[in-house]
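Sequence and structure come first.

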Amino acid sequence: MLCRGIRGATTVETNSREAIVAAAHELLEELIVRNDVQKEDVASAYFTTTSDLDAEFPAVAARNGFGWTNVALMCGHEMDVPGSLRMCLRILLHVNTERTQDEINHVYLRGATALRPDLAPADSRRD
């Protein structure tokens, strides 16, 4: 079994605790479902936000919403690159899996579909 990285991103409507946690929960749920992730197989998760999102730690969604109390979780801010997508939340999961890299389903929702339109199937484009 190998450890693979699974990426995802979404945008958040407002800089509020509720909006950040809701967006993180939605994205994490999509990552879990599309990749058949079991809690026991998650090595760690790294959550980042753009600097305009600071009302809550997005990892709260994993701890409270999915019971990931023993998973190593970390939060940080993305580089503040001029012209980059604002109000963006990203997740990088490190998961032990038998899947090949080609079988991993990265998830881009809402405004974040612009980051990787090649990986954003029509059913993930939610506004």
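The sulfur of cysteine 88 lies 14 Å from the closest cysteine sulfur, in cysteine 75, too far for a bond. A disulfide here is a pair of cysteine sulfur atoms within 2.5 Å. The structure holds 0 disulfides.

This is a predicted model, where local features need pLDDT of at least 70, side-chain atom pairs count only at pLDDT 80 or more, and totals for chains, interfaces and linings use all residues. Residues are numbered from 1 along each chain as its sequence is written, and side-chain values use heavy atoms, without hydrogens and water.

Next, the sheet. Helices (H or I, at least four residues) and strands (E, at least two) are DSSP runs, numbered from the N terminus. Strands pair if DSSP finds at least two bridges between them. An open sheet of 5 strands has the order β3-β2-β4-β1-β5, with mixed pairing. β3 (72–77) and β5 (107–108) are at the edges with a single partner strand each, so one side of each has no neighbour in the sheet. Strand β2 (residues 42–49) runs parallel to β3, joined by 6 bridges. Phenylalanine 47 has cysteine 75 in β3 as its bridge partner.

Accessibility follows; buried means under 20% relative accessible area, exposed over 50%, partly exposed in between (1.4 Å probe, protein chains only).

| Residue | Relative accessible area | Class |
|---|---|---|
| Cysteine 75 | 26% | partly exposed |
| Cysteine 88 | 0% | buried |
| Aspartate 36 | 54% | exposed |
| Arginine 110 | 22% | partly exposed |

Most residues other than glycine have a negative phi. Aspartate 36 has a positive phi of about 50°. Its place is the loop between α1 (17–35) and β2. Arginine 110 also has a positive phi of about 50°, and sits in the segment after β5.
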